[in-house]
Amino acid sequence: MTAEYKVHGTVAVISLNNPPVNGLGLTTRQGITDGLEKANADAAVKAIVITGAGKAFSGGADIKEFGSPKALQEPNLLSVITAVENSAKPVVAAIHSVAMGGGLELSLGCHYRIAAPGASIALPEVKLGLIPGAGGTQRLPRALGVEVALNMIVSGEPVKSEMLAQIPGQKLFDKMAASPESLAEEAVAFANEVATKHADGSALPLVRNLPCKHPLGDAYFQFARNMVGGMSKNYPAPLKCVEAVEAATKKKFADGMLFEREIFINLMWTPECRALRHLFVAERACSKIPDVPEDTPKRDIKSLAVIGAGTMGGGITMNFLNAGIPVKMLEMKQEALDRGVATIRKNYEAQVKKGKLKQDKYEQRMSLLTTTLNYADLKDADMVIEAVFEEMGVKEAVFKQLDAVMKPGAILASNTSTLDVDKIAAFTSRPQDVIGTHFFSPANVMKLLEVVRGAKTGKDVLATVMAIGKKIKKTSVVSGVCDGFIGNRMIEQYSRQAGFLLDEGCTPAQVDKAIEKFGFAMGPFRMGDLAGNDIGWAIRKRRASERADMKYSKTADLLCELGRFGQKTGAGWYDYQAGKRDAIPSQLVVDMIDKYRKDSGFTTRKISDEEIVQRLVYSLVNEAARILEEGIASKASDIDMVYLTGYGFPIYRGGPMHYVDQVGLFNVVQSMKRFAQNPRDDAAFWQPAPLLAKLAAEGKTFT
Ligand code: NAI
């Protein structure tokens with residue numbers, strides 16, 4: 001049983017005990033109803049307290065039951081809440097730390113609520129593409145007023161208990177405890193008090209009986225719909241929150257409950273909800289590495305060294321300063337150090353100006369930063385991250401010096417984006433301590449961190465770096481060693497395909513628009529202009545010999561030959577006006593592409609937006625299937641996390657793998673066979689990866 005039952009004098013206390021957050025799984029729910037029955041049957045008990053053991057009152061639904069029949073098995077949460085409401089003896093919720101989702105809904109079924117200050121109160125279901133499904137939309141407006149409740153339900157954001165307690169006329173908390181520590185005792189005393197009050201048999205108060213109205217009525221809800229609709233374009237749930245709360249003001253309670261239920265169940269099957277639930281699970285799954293148990297011992301990382309104070313070195317450094325970890329940056333020349341430090345200052349100052357960072361925090365962070373030109377000064381750092389030029393010779397020199405000076409047990413990480421981490425490890429006498437940490441630019445902003453596991457990387461090193469990733473608030477995904485790791489290896493095929501689309505008749509703007517309409521933050525050509533087209537150009541030149549048999553559109557090279565590197569040169573696939581970032585379609589580029597097609601003898605045709613999207617997304621997925629098969633990624637959901645957090649794949653589509661699972665892999669393979677007939681694509685490009693072909697044939701999915 002994951003709820004404990006104890007009697008203190010005349011008060012029975014039911015403590016939810018399902019770590020980490022007292023999720024309302026089946027056995028916990030049973031524990032509550034059993035406790036209620038026992039308490040009601042015991043003549044010595046006059047009142048009941050429901051509270052949570054450990055770190056939460058309750059975080060809501062048990063994620064382990066997500067999507068399983070157990071979630072609905074009786075007693076389901078609705079039945080539990082009904083049992084609470086029907087208890088003949090008063091039930092008091094004693095809320096502390098966290099009361100979210102189903103946890104808050106459970107408390108709203110109780111006759112009384114006492115809360116400790118500092119508790120986070122929320123109905124976060126909207127973040128999973130849902131609305132609260134156990135009366136939250138009907139009871140919270142009655143307890144807190146329509147406006148506050150709707151704000152909480154639509155945003156899903158937590159609000160502190162003491163703030164809610166200050167709302168005039170609120171009925172959410174009947175009493176505030178003095179502190180979290182005194183809550184248990186105060187709750188029992190309060191339960192005794194209400195037991196005395198109702199000793200005469202007077203009716204117990206129920207939130208469902210409270211009135212629910214907004215003074216502006218329809219006008220208010222019209223306003224709410226306009227606001228919410230405008231902000232939640234691709235997501236159906238927020239507007240449904242408005243509908244459900246409006247129903248609370250218009251329908252009888254029981255009818256409102258049915259209405260809420262119907263919306264909840266319908267939302268459950270929307271693609272957006274599936275995608276968001278997938279994301280929720282995928283996010284938690286990426287820290288789980290099949291052969292590295294969670295209790296793997298970790299090394300202590302109390303200080304960091306960063307080699308190279310350029311674009312990436314500076315951004316990486318900021319992550320650690322933000323987390324309170326001191327950083328020593330090393331460069332070859334003082335000017336480079338000064339420039340790097342100045343950029344970090346400039347970034348922080350911009351945050352201070354915008355009010356996002358307090359002056360004293362800024363100073364505190366800067367005080368953690370030191371610089372040096374001398375490797376010997378790094379020797380005591382627990383970890384070092386190298387972010388120097390992307391050349392094997394330079395990396396070799398750096399890692400040999402690190403090997404010579406760093407203390408034993410220090411973690412040696414490289415931020416290389418394309419080079420072989422195993423080769424880098426081999427420059428040292430301690431390959432077990434070497435790992436790749438592939439940050440994305442701007443490194444202080446982007447969520448994604450690809451953690452590149454070398455053939456000899458120690459399990460404790462991997463576990464430590466994953467933990468550090470969490471500490472600096474990154475989404476860390478493990479990748480094996482290969483050219484481009486997970487994300488860039490896939491994007492190479494996507495970019496090739498984007499080039500073929502130009503060859504076959506599309507304009508850059510058409511391709512970008514189609515994929516942006518699908519939901520990508522930026523199409524491939526706008527992205528190229530932002531990142532700098534010269535980067536890909538340099539990589540292609542370097543790899544020319546390795547990729548001799550691979551077809552490419554030459555358009556990107558021709559563009560670079562014109563010096564059109566993108567925003568930084570004021571021109572790329574698009575034209576740019578000085579100081580502005582708006583991409584203006586360029587006639588010169590269209591003519592350049594056209595000439596190339598004619599010179600090459602390509603025939604062109606009109607290509608639909610649908611085909612553009614399919615070709616781009618399936619290019620990603622086909623390469624991803626190989627990545628999975630080779631064990632570079634250990635699960636499909638990791639690949640989704642890479643694309644959702646690092647490449648602007650639309651969140652509401654759940655990532656490329658989840659998306660094609662919904663399309664149906666059989667359909668994907670059929671489309672690929674069709675694309676193989678395209679004049680510019682070679683059949684090899686669309687040869688389904690063996691894993692994709694196998695799953696499609698077996699009617700299975702990636703995830
Ligand atoms: P950058 O050119 O902005 O900075 C490199 C810095 O390293 C320069 O300040 C240079 O003075 C310094 N440096 C070079 N050799 C050195 C040495 N031997 N010792 C000490 N310092 C040295 O380059 P960026 O863009 O910061 O890239 C650094 C690394 O990060 C590269 O491996 C790159 O592939 C990788 N990377 C870059 C991304 C990007 O978007 N720029 C994204 C992800 C990874």
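The questions below walk through a predicted model, from the whole chain down to single residues. In this predicted model, local features need pLDDT of at least 70 and side-chain atom pairs count only at pLDDT 80 or more, while totals for chains, interfaces and linings use all residues. Residues are numbered from 1 along each chain as its sequence is written, and side-chain values use heavy atoms, with hydrogens and water left out.

Q: How many helices and strands does the chain have?
A: Helices (H or I, at least four residues) and strands (E, at least two) are DSSP runs, numbered from the N terminus. On that basis, the chain comes to 28 helices and 19 strands.

Q: What is the radius of gyration of the chain?
A: The radius is taken over C-alpha atoms, and the globule rule is 2.2 Å times the number of residues to the power 0.38. The C-alpha atoms fill a box of roughly 95 × 60 × 50 Å along the principal axes. For 703 residues, a compact globule would come near 27 Å, which agrees with the chain's 29 Å.

Q: What percentage of the residues in the chain is buried?
A: Buried means under 20% relative accessible area, exposed over 50%, and partly exposed in between (1.4 Å probe, protein chains only). The accessible surface of the chain is about 30,600 Å², and 56% of it belongs to carbon and sulfur atoms. That area comes from the Shrake-Rupley method with a 1.4 Å probe; for residues, only the protein chains shown count as cover. Of the 703 residues, the buried share is 54%.

Q: What share of the contacts with a separation of 6 or more joins residues 24 or more positions apart?
A: Contact means heavy atoms within 4.5 Å. Among contacts in the chain with a separation of 6 or more, residues 24 or more positions apart account for 73%.

Q: What is the omega of the cis bond from glutamate 74 to proline 75?
A: Proline 75 lies in the loop between β3 (47-52) and α2 (77-86). The bond that joins glutamate 74 to proline 75 is cis, with omega near -5°.

Q: Is asparagine 22 buried or exposed?
A: Asparagine 22 is in the loop between β2 and α1. Its phi is positive, about 55°, although it is not a glycine. Its relative accessible area is 1%, so asparagine 22 is buried.

Q: What is the relative accessibility of serine 97?
A: Serine 97 is in the loop between β4 (91-95) and β5 (98-100). Phi is near 60° here, a positive value in a residue other than glycine. Serine 97 counts as partly exposed because its relative accessibility is 32%.

Q: Which residues does serine 120 touch, leaving out those up to four places away in sequence?
A: Serine 120 is in strand β7 (residues 120-122). At 13% relative accessibility, it counts as buried. Its partners are Ser97, Val98, Ala99, Met100, Pro158, Val159 and Lys160.

Q: Which residues of helix α3 are buried?
A: Helix α3 spans residues 102-109, and eight of the eight are buried, so it is largely enclosed by the rest of the structure. They are Gly102, Gly103, Leu104, Glu105, Leu106, Ser107, Leu108 and Gly109.

Q: What distance separates the C-alpha atoms of glutamate 185 and alanine 94?
A: Glutamate 185 lies in helix α7 (residues 183-197). It is exposed, with a relative accessible area of 66%. Glutamate 185 and alanine 94 are 91 residues apart along the chain, and their C-alpha atoms are separated by 10.0 Å.

Q: How are α19 and α20 oriented to each other?
A: Axes are lines fitted to C-alpha atoms, for helices over the stretch in contact, and angles run from 0 to 180 degrees between N-to-C directions. Angles under 35 degrees count as roughly parallel, over 145 as roughly antiparallel, 65 to 115 as roughly perpendicular and the rest as oblique. Helix α19 (residues 508-518) and helix α20 (residues 524-531) pack at about 105°, with axes 7 Å apart. They are therefore roughly perpendicular.

Q: Which residues of α26 meet α24?
A: The axes of helix α24 (residues 609-629) and helix α26 (residues 656-663) come within 10 Å and cross at roughly 110°. From α24, the contact takes in Val617, Tyr618, Val621, Ala624, Ala625 and Leu628. From α26, it takes in Pro656, Met657, Tyr659, Val660 and Val663.
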